[in-house]
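Work through the exercises below with the sequence and the coordinates at hand, and try each task before reading its solution.

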Amino acid sequence: MSTLNHTEKRKLEKLLGMETGYVLDFSNRTFAEFITDYSGLNIYDSRYDYGSGSKANRLRKFWQVEDDATVGKLMNEMLDYGFSGTRETALAEECRRIVSRLLQSEPSTTLKADALSMVPTAAQQRSGTLAELKTEFFKLASESDRNKAGLTMEGLLNRLFAVFELSPRLPFRVVGEQIDGSFVFDTHVYLMESKWERDPLPEADLLVFRGKIEGKSTFTRGVFIALNDISGPAREAITRGKAPSFFVMNGHDLLMILSEAMSLPEFLKQRVRLLGEEGRVCVPFGELKTKQHS
């Protein structure tokens, strides 16, 4: 965090006209672009949420969160932008001295260590994203428009697979077909289909998906995400007469992954092995070896 004191902040706020919630003549877009250009940071990131979320409040939070060097560099550029070429007032000169102090200060070892400790690890960032996705999942479960819920779920799933770096692809069309998405796991391409109906899905939906997979290549695989599962007859019929090229993942499986009971890669690894060794398209989550998750 910067070492700006209360008096220094008040002087900067007055010079930049922040009492109204604005900062100079910036619009939301130009404000974000300016800060990104001169700090490399996104001022509309949640870490700068403060109060009403106005430009002025976000800048106040920026002063609080970032170190002297970062704040000093940005404020120097902002003063040049707002007051360059004009006769500097006594207040502007005072603010220039404040910025000069920030640029010359060297953070102590303790402050540096504290700053580093505040940076979330990759695991913490992943946990945070999964928690957000879990909250969205619960909201979608109560959505009365099931078609809307299904479409929104496609985006949620894409973000989930991205969290685990599985190279997800958004829904796309090939000749005569709509594909809900795809991802890559262990060098294999998987097509993905997701449906969130009120009742368990019948065999017909699974047959259509199997056809999409078989129409691509001998090495294409698939994951059918049926949030309310598939019917009993569908479980039996889908493996009759043909070797299955995909497996089914249901809402409980998804919730367990979002709750970090098992990582998505470990879930896929176990399900692929059961599909390959036993031909099992549906496997209750409780039968998986959760102690192996990473």
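Predicted model: local features only at pLDDT ≥ 70, side-chain atom pairs only at ≥ 80, totals over all residues.

Residues are numbered from 1 along each chain as its sequence is written, and side-chain values use heavy atoms, with hydrogens and water left out.

**Exercise 1.** Find how many salt bridges the whole structure holds, and characterise the one between D80 and R96.

Solution. Step one is the criterion: a salt bridge is a side-chain nitrogen of Lys or Arg within 4 Å of a carboxyl oxygen of Asp or Glu. Step two is the distance, and for D80 and R96 the closest N and O atoms are 2.8 Å apart. Step three places the partners: D80 belongs to helix α4 (residues 68-83) and R96 to helix α5 (residues 90-104), 16 residues apart, so that the pair links distant parts of the chain. Helices (H or I, at least four residues) and strands (E, at least two) are DSSP runs numbered from the N terminus.

**Exercise 2.** Determine which elements are tied together by the pair K212 and E193, and whether each residue is buried or exposed.

Solution. The closest N and O atoms of the K212–E193 salt bridge are 3.2 Å apart. Because K212 lies in helix α9 (residues 203-214) and E193 in strand β4 (residues 188-195), the pair ties together parts that are 19 residues apart in sequence. For the accessibility step, buried means under 20% relative accessible area, exposed over 50%, and partly exposed in between, with a 1.4 Å probe and protein chains only. K212, at 10%, therefore counts as buried, and E193, at 8%, counts as buried as well.

**Exercise 3.** Carry out the analysis for R159 and E136.

Solution. In this salt bridge the closest N and O atoms are 2.9 Å apart. R159 sits in helix α8 (residues 146-163) and E136 in helix α7 (residues 122-141), so the pair ties together parts that are 23 residues apart in sequence. R159 has a relative accessibility of 35% and is therefore partly exposed, and E136 is partly exposed with 28%.

**Exercise 4.** Which residues are linked with R10 in a network of salt bridges?

Solution. The network links R10 with E13 and R60.
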